[in-house]
Each structure stands twice: as C-alpha cells, then as structure tokens.
Amino acid sequence: MSDYQETLYEGYGQRFAVDRMLYEGRTEHQHLAIFENARMGRVMALDGAVQTAEADEFIYHEMLAHVPILAHGLVRRVLIIGGGDGGMLREVAKHRDVESITMAGVDGKLVEMCREFLPEHSRGAFEDARLNLLIDDGLRFVLSLEEKFDVIIVDSTDPVGPGAALFSQEFYQACRRCLNDGGILVAQNGTPFLQLNEVQATAKRMSGLFPDGHFYQAAVPTYIGGAMAFAWGACDSESRKLSLGTLCQRFAGSGIVTRYYNPHVHLAAFALPQYVLQAIGKPSND
C-alpha cells in the first residue's frame with residue numbers, strides 16, 4: 001500500500017492511502033490518477049489535485065446540477081462544460097423535462113478512463129439519447145457557439161492548466177451570450193477559506209454580466225479547507241428568491257431522489273459567511 005499526497009496547497013494538504021492504483025499516466029493535457037481508498041472509494045486526481053471521490057461526489061454533483069435547474073423551473077436545454085467523470089451528467093439526466101444535454105470537455109482520455117474506472121459516477125448516463133458529447137476546449141467552444149441554453153454548468157478543475165481559461169472574463173461573457181432569457185450559469189469556485197482570491201476574481205469578472213450575481217456553497221469532505229463555493233449568475237433576479245413552497249413543489253414534481261439536495265438546503269446554501277460577503281463586496285445576504 002502506498003500514499004497519494006495532494007499538492008494543491010503549499011504547506012497544507014491531505015493524504016490518501018492507495019489500496020489499489022487503477023490507472024496512472026498522462027493524458028494529452030494533464031496527469032491522471034484513479035485509485036481505490038477504503039474510506040472514500042474510488043478517487044480521481046488531476047495534476048496532484050483530487051477531483052472527485054465515490055463516497056461524497058453526490059454532494060457536489062447534486063448541488064451544482066439541481067440548484068440551477070430547479071431554480072429555473074422550465075429547463076429544456078443544458079450545457080455542461082467539463083464534467084469528464086460523468087457525475088454531473090448523471091444528475092442532469094435525472095430531470096425528465098430536459099430535452100437536450102450538450103457536454104464539452106477538453107480531455108477525451110479523461111472521459112474514457114472515467115467511464116472505465118468510475119462507472120458509478122455516470123451510471124450509464126453517457127448512453128443517454130439526449131446527450132451530445134464533444135471533445136473540445138471549453139472557452140473555444142462557447143466562443144463559437146450559436147446555440148442557446150437554459151442552464152450552463154461549469155464543472156471544471158482549478159484555475160490552473162487546462163481549467164484556467166474557464167475562469168476568465170471572456171469565458172463568462174461568452175456563457176452569458178449563450179443563455180436564453182431567464183437562463184442561469186453556475187460554476188465551481190473552490191473553497192473560499194483557502195482560495196478566497198479566486199472567489200473575489202470571479203465576482204469581479206462576472207460583475208455587471210447578470211441581473212443577479214452571487215455564490216452558494218456546500219461542504220464536500222474531499223475538497224479540504226471548508227465549504228465549496230459555486231458561482232451563480234442568473235438572468236432573472238427572482239430565480240434565487242423563490243419561496244420554499246415553490247421549490248418543494250418543483251422538487252416533488254421532478255420525482256428525483258437525492259442524498260444531499262433538498263429545498264431547505266437549496267435556500268440555505270445562498271447564505272454566505274461574513275468574510276466571503278466582504279470579499280465579494282456584498283454587505284449582507286440579500
């Protein structure tokens with residue numbers, strides 16, 4: 001048995017016992033490792049940063065998929081940028097009213113290896129007839145897009161290497177252009193306690209693009225350092241201010257069974273700690 005030491009932060013990190021290494025090697029874009037750990041199940045890491053683990057991936061994927069889709073209420077077309085492990089696709093595909101799912105990721109080898117070694121993430125979702133899977137650079141893809149979507153979900157790596165362009169102002173502007181009226185953009189944005197500068201940078205880059213720009217959060221044990229932040233950009237400022245009753249009605253109507261998400265958690269996720277509010281220039285939770 002060996003150890004996998006995450007190298008995301010200087011002087012601070014986490015260690016996984018590697019019970020069995022399933023795959024390790026370089027794709028065209030990054031170093032990929034997939035291994036088994038007794039507590040966290042199968043774990044996938046890119047360039048020294050852990051991306052997902054079977055034990056708790058449901059928290060991340062449910063919150064990044066169901067919050068915007070249920071907040072919108074009439075989603076027919078969804079775009080996923082990144083999401084190579086298939087977990088986001090699995091959750092989006094649970095929504096019966098979604099008519100088309102476009103998924104664009106830069107690393108075809110990553111998708112291939114995750115389909116082979118992380119089948120519980122996708123659970124057959126790659127075979128969904130509504131899916132249009134494209135291997136393409138995310139920024140280049142949205143810049144050339146003429147289609148429009150109701151929800152865009154950015155399930156990217158951290159803003160280094162292949163994921164860096166997905167945190168740029170140019171990318172957010174392109175996503176805004178590709179949203180239908182009432183559309184919503186959400187994107188993973190790191191753990192604010194350790195990556196507050198990333199949250200601040202996103203807040204500045206998205207400023208003025210949407211009638212409602214904010215963040216919400218969820219605690220995912222695999223992503224050390226506290227709660228994980230998700231950027232939120234809504235074309236309709238009322239999307240974030242739905243009543244509990246409306247959300248409960250939509251959630252019940254969806255027929256979706258979740259392990260983390262529920263309407264109470266949905267509403268509570270937008271309540272941010274004071275240090276995060278101050279960092280993004282918001283005086284209070286509005």
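Let's start with helix α6, residues 169–177. Its buried residues are Phe171, Tyr172, Ala174 and Cys175. Buried here means under 20% relative accessible area; exposed is over 50%, and partly exposed is in between, with a 1.4 Å probe and protein chains only. Helices are DSSP runs of H or I with at least four residues, strands are runs of E with at least two, and both are numbered from the N terminus.

Where do the buried residues of α6 fall, seen down its axis? They fall within an arc of 160°, so they line one face of the helix. That arc is taken from the directions from the helix axis to the C-beta atoms. An α-helix has 3.6 residues a turn, so residues three or four places apart point the same way.

What do these residues pack against? The partners are β7 (77–82), α5 (138–144), β10 (149–155), β11 (179–188) and α7 (192–206). Contact means heavy atoms within 4.5 Å.

A word on the source. This is a predicted model: local features need pLDDT of at least 70, side-chain atom pairs count only at pLDDT 80 or more, and totals for chains, interfaces and linings use all residues. Residues are numbered from 1 along each chain as its sequence is written, and side-chain values use heavy atoms, with hydrogens and water left out.

Helix α7 lies across β11, β12 and β13, at about 10° to β13. For these angles, axes are lines fitted to C-alpha atoms, for helices over the stretch in contact, and the values run from 0 to 180 degrees between N-to-C directions.

The sheet is open and has seven strands. Their order is β9-β8-β7-β10-β11-β13-β12, with mixed pairing. Which strands stand at the edges? They are β9 (131–135) and β12; each has a single partner strand, so one side of each is left without a neighbour in the sheet. From one strand to the next, the twist averages 15°. Two strands pair if DSSP finds at least two bridges between them. Strands β7 and β8 (residues 100–105) run parallel, joined by five bridges. Within that pair, Ile80 has Met103 in β8 as its bridge partner.

Next, the other sheet. Four strands form an open sheet in the order β3-β4-β5-β6, and the pairing is antiparallel. Its edges are β3 (20–26) and β6 (49–53), each with a single partner strand, so one side of each lacks a neighbour in the sheet. Here the twist averages 20° from one strand to the next.

Strand β6 is mostly covered: five of its five residues are buried. It pairs with β5 in the antiparallel sense, over four bridges. Val43 has Ala53 in β6 as its bridge partner. β5 and β6 form a hairpin with two residues between them, and Asp47 in the turn has a positive phi of about 50°.

On to β4 (residues 31–37) and β5 (residues 41–46). They pair in the antiparallel sense over six bridges. Glu36 stands opposite Arg42 in β5. These two residues also form a salt bridge, with the closest N and O atoms 3.2 Å apart. A salt bridge is a side-chain nitrogen of Lys or Arg within 4 Å of a carboxyl oxygen of Asp or Glu. Is Glu36 buried or partly exposed? At 22% relative accessibility, Glu36 counts as partly exposed.

How many salt bridges does the whole structure have? The search finds 13. Take Asp212 and Arg240, whose closest N and O atoms are 2.8 Å apart. This pair links distant parts of the chain, 28 residues apart: Asp212 is in strand β12 (residues 212–218), and Arg240 is in the loop between β13 (228–234) and α8 (244–254). Asp212 is buried, at 5% relative accessible area. Arg240 is buried too, at 7%.

Last, Arg90, in helix α2 (residues 87–93). Arg90 is buried, with a relative accessible area of 6%. Salt bridges link Glu57, Arg90, Glu91 and Lys94 in a network. The Arg90 side chain makes polar contacts with the side chains of Glu57, at 2.9 Å, and Glu91, at 2.8 Å. A polar contact is a pair of N or O atoms within 3.5 Å; within protein, one must be able to donate a hydrogen and the other to accept it, and residues adjacent in sequence count only if both atoms are side-chain atoms. Not counting residues up to four places away in sequence, Arg90 touches several residues, including Phe58, His61 and Glu120.
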